[in-house]
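Trainee: Could we go through this structure together, one feature at a time? I would like to learn how each one is read.

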Amino acid sequence: MNNKRYQHILFDLDGTLTDPMIGITSSVKYALSYFNIEVEDLRSLCPFIGPPLKTSFKDFYQFTDEQADVAIAKYREYFSKQGIFENTLYQGTDELLRLLTENEMKIYLATSKPQPFAQQILEYFHLESYFTFVGGSTFDGSRSEKADVIQYVLDSTDIKTRSDVVMIGDRKYDIEGAKANNIDSIGVLYGYGDEEELANAGTNKIVTDIKELSSFLLTGNIPI
């Protein structure tokens, strides 16, 4: 990746702007209990953070499509009332978004979380004013893969020059979704993916923390 400044910055939400560990894992635990599957350690459910829910329920618990749909409905029962607020903002996120905005960069959200939930979370943390557009998945599953969400954001905002666009996220789904849409990507290591996952997915750049991310986006350099 050359040292260049992007004009259009797409952010993942979970594991990139906020740490949703308690809310997501508690919601998954609630859903699994409906199937008489008991989970003692919420941390064991952290792999659910990032991928589409249906994919995770099928991959991790071998649910059928029908079972996964029921699990998602139960997940949302808990999440919509309580889990959505069991969430914390990564330190420095607000400052990063402010700096990007002051430098006339356009900021977008591209998350696998249902769009109404994503909008509610941004409002809860008072971040909504920074975002030009909020893109998420649909409740009916018609738009759930990260590549489809990114395409939806790009199509909805009529961004013409893909070389000016970058996707930032913590999991391989963010990187693969960016590649599918012919845009660059930056992987962050403070979320729920690791360096091997992000590198194998083909990210253009990996940063350790929000300070490095801010410096790279604003100057093209990583502070020593």
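Trainee: In what order do the six strands of the open sheet lie, and is their pairing parallel or antiparallel?

Mentor: Strands of a sheet pair through backbone hydrogen bonds, in either a parallel or an antiparallel sense. In this model, which is predicted, the strands of the open sheet follow the order β5-β4-β1-β6-β7-β8, and the pairing is parallel. The edges are taken by β5 (131-137) and β8 (205-207), each of which has a single partner strand, so one side of each has no neighbour in the sheet. On average, neighbouring strands are turned by 20° against each other, with direction ignored.

Trainee: How many bridges join β1 and β6, and which residue is the bridge partner of Leu10 in β6?

Mentor: Strand β1 (residues 8-11) pairs with strand β6 (residues 165-169) in the parallel sense over four bridges, and Leu10 has Met167 as its bridge partner. Helix α7 (residues 172-180) packs on the sheet, where it touches β6 and β7 (184-188), and its direction makes about 175° with that of β7.

Trainee: What span does helix α1 reach, and which of its residues are buried?

Mentor: Helix α1 (residues 21-34), with 14 residues, reaches 20 Å from its first C-alpha to its last, close to the 20 Å expected at 1.5 Å a residue. Its buried residues include Met21, Ile24, Val28 and Leu32, and the buried residues of α1 pack against β2 (18-19), α2 (53-61), α3 (65-81) and β4 (106-114).

Trainee: Which residue follows α1, and what is its phi?

Mentor: Asn36 follows α1, and its phi is positive, near 65°.

Conventions
Residues are numbered from 1 along each chain as its sequence is written. This is a predicted model: local features need pLDDT of at least 70, side-chain atom pairs count only at pLDDT 80 or more; totals for chains, interfaces and linings use all residues. Side-chain values use heavy atoms; hydrogens and water are left out. Helices (H or I, at least four residues) and strands (E, at least two) are DSSP runs, numbered from the N terminus. The expected span of a helix is 1.5 Å times one less than its number of residues. Buried means under 20% relative accessible area, exposed over 50%, partly exposed in between (1.4 Å probe, protein chains only). Contact means heavy atoms within 4.5 Å. Two strands pair if DSSP finds at least two bridges between them. Axes are lines fitted to C-alpha atoms, for helices over the stretch in contact, and angles run from 0 to 180 degrees between N-to-C directions.
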